[in-house]
Amino acid sequence: MKESKEMAGILYGALANCKTEEDFAALLADLCTYQEVEQMAQRAAAAKLLAEGKTYAEIIAETDISSATLSRVSRALHHGSGGYAKFLPVNKA
């Protein structure tokens, strides 16, 4: 079995080869369960709404995300590696 870092590199390379939303959808459909994709989409949407200045109550109502998960998303948005901020489109009010 390959080392974890090497396997992660294979995943990152596969993601980097995706050129369209359809490419990503096809890859994620093969890699993840429907529920896993839905959960990732929910987190991305929550991060976008947080960055736009929405309140926790508004985000929970709109996305049906749990407050615990929303807290983790918020922590990643503000203190993480910058992925949310770099890759999610944000509409500032």
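Student: How do the axes of H3 and H5 cross?
Tutor: In this predicted model, the axes of H3 and H5 come within 9 Å and cross at roughly 60 degrees. That makes H3 oblique to H5 (under 35 degrees is roughly parallel, over 145 roughly antiparallel, 65 to 115 roughly perpendicular, and the rest oblique). Axes are lines fitted to C-alpha atoms, over the stretch in contact for helices, with angles from 0 to 180 degrees between N-to-C directions. Helices are DSSP runs (H or I) of at least four residues, numbered from the N terminus.

Student: Which residues meet there?
Tutor: Arg43, Ala46, Ala47, Leu50 and Ala51 in H3 meet Thr69, Leu70, Arg72, Val73, Ser74 and Leu77 in H5; contact means heavy atoms within 4.5 Å.

Student: And which residues of H5 are buried?
Tutor: They are Thr69, Leu70, Val73, Ser74 and Leu77, where buried means under 20% relative accessible area with a 1.4 Å probe, protein chains only. Seen down the axis of H5, they fall within an arc of 140 degrees, so they line one face of the helix. The arc is taken from the directions from the helix axis to the C-beta atoms.

Student: What follows H3?
Tutor: Gly53 follows H3, and its phi is positive, near 95 degrees.

Student: How should I read the numbering and values?
Tutor: Residues are numbered from 1 along each chain as its sequence is written, and side-chain values use heavy atoms, without hydrogens and water. Local features need pLDDT of at least 70 and side-chain atom pairs count only at pLDDT 80 or more, while totals for chains, interfaces and linings use all residues.

Conventions:
Buried < 20%, exposed > 50% of the residue type's maximum accessible area, 1.4 Å probe, protein only. Helix = DSSP H or I, 4+ residues; strand = E, 2+ residues; numbered from the N terminus.
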